[in-house]
Amino acid sequence: LQPKEAELPLFFGWFLLSEVEEKIKCSTMEFLKTLDTMEAFKKHLSEFTGEAEKEVDLEQYFQTKTPLHCTSKFCDYGKAEGSKEYAEQQVVKDACDGASELAVVGLMVTPRTFGARVLLTPEQLQLWPPGVDKEGVPASALPSIEALPTGSRAHVTLGCAAGVEAVQTGLDLLEVLALKQAEHQPAAEAELDAGTLSYLGEGRWYLELQEAIVCDATFSSFSE
Ligand code: A2P
């Protein structure tokens, strides 16, 4: 690493306070338990297991990595494009170590990832780099992703299936939101206490929460 690059973190983001982390882990695990036992979910089980008859315990299926957070800019210690420019922005410097509230408005489950959708406020969007929503998105999916509002990728990774990298959660979320927007896929919906559950094909589930879960968080940088 060059000396300049060494100063840059792995990523910037909003980190849930530890007591909030516990609260969100409990309520999201409840959702997995509910989903796991639904007949509609069992019907599509092979999309998770590869085999029709095999059972899946979603709580075991996803591995959680803490601290729970919503990434705003992945810097990779300066190797990611635009990292230095991002870190040098006054708005970013001013926000560091400041308190913020993250609004979790939905929960997503796919065979790869389990994530919470975050709806950023206009103030939080100032810390969301332009263009970051479409980073790593396959060219064929770009038109539908570009039609989504800025910040649609904002999320907290709650868990990943074995061998899946956390970066996949944002990509899965964009795909789910694009499908929901297009509504060309018949969504098998169920009304749960927590909100409206949609099925978007290929093992993709989305629960739109009736009431947002507001999580106290701190904006900061993270390095391992
Ligand atoms: P996410 O924000 O979806 O949770 P890792 O543990 O793989 O080093 O990643 C550290 C954090 O940075 C994770 O939160 C991860 O995903 C995010 N991240 C990793 N790679 C990228 C990337 N290429 N673009 C955006 N975010 C990334």
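A search of the whole structure, which is a predicted model, returns 0 disulfides, a disulfide being defined as a pair of cysteine sulfur atoms within 2.5 Å. Cys 75 takes part in no disulfide, and the nearest cysteine sulfur, belonging to Cys 96, lies 10 Å away. Cys 75 is buried, with a relative accessible area of 0%; here buried denotes under 20% relative accessible area, exposed over 50%, and partly exposed the range in between, with a 1.4 Å probe and protein chains only. Cys 215 is likewise in no disulfide, the nearest cysteine sulfur being that of Cys 70 at 10 Å. The relative accessible area of Cys 215 is 1%, and this residue is buried.

Residues are numbered from 1 along each chain as its sequence is written. For this predicted model, local features need pLDDT of at least 70, side-chain atom pairs count only at pLDDT 80 or more, totals for chains, interfaces and linings use all residues, and side-chain values use heavy atoms, with hydrogens and water left out. The protein chain has an average pLDDT of 92, and 94% of the residues score at least 70, where pLDDT is the predictor's confidence in each residue, from 0 to 100. The scores of the model are ipTM 0.97 and pTM 0.94.

Charged side chains were examined next. In total, 9 salt bridges are present, a salt bridge being a side-chain nitrogen of Lys or Arg within 4 Å of a carboxyl oxygen of Asp or Glu. One of them joins Glu 22 to Lys 25, with the closest N and O atoms 3.5 Å apart. Both residues belong to helix α2 and are separated by 3 residues, about one turn of the helix; helices (H or I, at least four residues) and strands (E, at least two) are DSSP runs numbered from the N terminus. Glu 22 is partly exposed at a relative accessible area of 44%, and Lys 25 is also partly exposed, at 24% relative accessibility.

Helix α2, spanning residues 18–37, also contains Glu 21. Glu 21 is buried but has no salt bridge, and the nearest side chain of opposite charge, Lys 25, is 4.6 Å away; in this assignment Lys and Arg count as positive and Asp and Glu as negative, whereas His and the chain ends are not counted. When neighbours within four places in sequence are set aside, Glu 21 is in contact with Leu 16, Thr 66, Pro 67 and Leu 68, contact meaning heavy atoms within 4.5 Å.

A further salt bridge connects Glu 88 with Lys 84, the closest N and O atoms being 3.5 Å apart. Helix α6 (residues 83–88) holds both partners, which are 4 residues apart, about one turn of the helix. Glu 88 is partly exposed at 46% relative accessibility, and Lys 84 is partly exposed with a relative accessible area of 37%.

The salt bridge between Glu 175 and Arg 204 has its closest N and O atoms 2.6 Å apart. Glu 175 is located in helix α10 (residues 168–182) and Arg 204 in the loop between β7 (195–199) and β8 (205–222), so this pair ties together parts that are 29 residues apart in sequence. Glu 175 is partly exposed, with a relative accessible area of 33%, whereas Arg 204 is buried at 6% relative accessibility. Through shared partners, salt bridges join Glu 175, Glu 202 and Arg 204 into one network.

Aromatic side chains form 12 pairs, counted when the ring centres of Phe, Tyr and Trp (its six-membered ring) lie within 6.5 Å, with planes under 30 degrees apart termed stacked, over 60 edge-to-face and the rest tilted. The rings of Phe 15 and Phe 222 are stacked, because their centres are 6.0 Å apart and their planes stand at 25°. Phe 15 lies in strand β1 (residues 11–16) and Phe 222 in strand β8, so the pair ties together parts 207 residues apart in sequence. Phe 15 is buried at a relative accessible area of 11%, while Phe 222 is partly exposed at 22% relative accessibility.

The pair formed by Phe 48 and Tyr 61 is edge-to-face, because the ring centres are 5.5 Å apart and the planes are at 65°. Phe 48 belongs to helix α4 (residues 46–49) and Tyr 61 to helix α5 (residues 58–61), so the pair ties together parts that are 13 residues apart in sequence. Both Phe 48 and Tyr 61 are buried. Ring pairs also link these two residues with Phe 41, Phe 62, Phe 114, Tyr 199 and Trp 205 in a cluster.
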